[in-house]
Amino acid sequence: MEKEKLGGVVFPLVTPFCGEDEHVNYPALDKLIDFLIENGATGVIPCGSTGELVSMTLEEQLEINRHTIEYVNHRCKVYACTGAYRTSDAILLSKAAEEAGADGVMVVTPWYMGPNKEELYHHYKAIHDSIDISLMMYHNPYYSTVLLDDRFIAKMYNEGCIDAIKERQADVFRQQDLRHLTDDNFAIF
């Protein structure tokens, strides 16, 4: 089965927490989603860095992704952030997102104790092989402490570990180099 190419105008969502118990304010999240769709968003990403991923429990991440997918109801694409420090948690989150109807997943590179290239290769390959929807790697070296070179990222795409990348490194030539090392099916955000 060929995976759909990711693309369009995609917005990471903030997660509105409120109250002393820091519960998710779902009406505020829904209002934000409506605003973005009404103003041309072709996709949204719940639970990313902007969405407070690292402060969430797995249960919160599962619920926010599920809620967003259901609330969007195919009005735009939903690329659920299923990043987690442990590969098994990222697989659990990714499978749940797919089952809930996500169009794809975005997986940030594990943070804090930066994994090496071999570990990252196996991390992404295991997640990619566990789902039938597209996987976007979120390369954010500023927060994850892992800086990957273009050739390694291209290798991961060319060998079936990732389908797209959200590139956070501030290098204007990186997109051109990644395109040269891959093909037009590799989505670069």
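Biologist: Where do I start with helix 6 and helix 7, and at what angle do their axes cross?

Modeller: In this predicted model, the axes of helix 6 (residues 150–158) and helix 7 (residues 174–181) come within 9 Å and cross at roughly 40 degrees. Angles under 35 degrees count as roughly parallel and those from 65 to 115 as roughly perpendicular, so helix 6 and helix 7 are oblique to each other. Helix 6 passes helix 7 in a right-handed crossing.

Biologist: Which residues of helix 6 and helix 7 make the contact?

Modeller: On helix 6 they are Asp150, Arg151, Ile153, Ala154 and Asn158, and on helix 7 they are Arg174, Asp177, Leu178 and Leu181. Sorted by class, the contact of helix 6 with helix 7 has 4 nonpolar, 1 polar and 4 charged residues.

Biologist: Let me try another pair. Are helix 2 and helix 3 roughly parallel or roughly antiparallel to each other?

Modeller: Look at the angle: helix 2 (residues 58–72) and helix 3 (residues 87–100) pack at about 20 degrees, with their axes 9 Å apart. Helix 2 and helix 3 are therefore roughly parallel to each other. Their crossing is right-handed. Leu58, Gln61, Leu62, Arg66 and Ile69 in helix 2 meet Asp89, Leu92, Leu93, Ala96, Ala97 and Ala100 in helix 3. By class, this contact of helix 2 with helix 3 has 8 nonpolar, 1 polar and 2 charged residues.

Biologist: Now the sheet, please. What is the order of its strands?

Modeller: The general idea is that strands of a sheet pair through backbone hydrogen bonds, either parallel or antiparallel. Here, an open sheet of 7 strands has the order 1-4-5-6-7-8-9, with parallel pairing. Strand 1 (10–12) and strand 9 (187–188) are the edge strands, each pairing on one side only.

Biologist: How many bridges join strand 7 to strand 8?

Modeller: Strand 7 (residues 134–139) and strand 8 (residues 164–167) run parallel and are joined by 4 bridges. For Met137, the bridge partner in strand 8 is Ile165. Helix 4 (residues 117–130) packs on the sheet, where it touches strand 6 (104–108) and strand 7, and its direction makes about 155 degrees with that of strand 7.

Biologist: And how many aromatic pairs are there in the whole structure?

Modeller: A pair of aromatic rings is described by the distance of the centres and the angle of the planes. A search of the whole structure finds 2 aromatic pairs. The rings of Tyr85 and Trp111 have centres 6.1 Å apart and planes at 55 degrees, so this pair is tilted. The pair links distant parts of the chain, 26 residues apart: Tyr85 lies in the loop between strand 5 (77–81) and helix 3, and Trp111 in the loop between strand 6 and helix 4.

How values were computed
Residues are numbered from 1 along each chain as its sequence is written. This is a predicted model: local features need pLDDT of at least 70, side-chain atom pairs count only at pLDDT 80 or more; totals for chains, interfaces and linings use all residues. Side-chain values use heavy atoms; hydrogens and water are left out. Axes are lines fitted to C-alpha atoms, for helices over the stretch in contact, and angles run from 0 to 180 degrees between N-to-C directions. Helices (H or I, at least four residues) and strands (E, at least two) are DSSP runs, numbered from the N terminus. Angles under 35 degrees count as roughly parallel, over 145 as roughly antiparallel, 65 to 115 as roughly perpendicular and the rest as oblique. A crossing is left-handed if the near helix is turned anticlockwise from the far one by less than a right angle, and right-handed if clockwise. Contact means heavy atoms within 4.5 Å. Ala, Val, Leu, Ile, Met, Phe, Trp, Tyr, Cys and Pro count as nonpolar, Asp, Glu, Lys and Arg as charged, and the others, Gly among them, as polar. Two strands pair if DSSP finds at least two bridges between them. Rings of Phe, Tyr and Trp (its six-membered ring) pair if their centres lie within 6.5 Å; planes under 30 degrees apart count as stacked, over 60 as edge-to-face and the rest as tilted.
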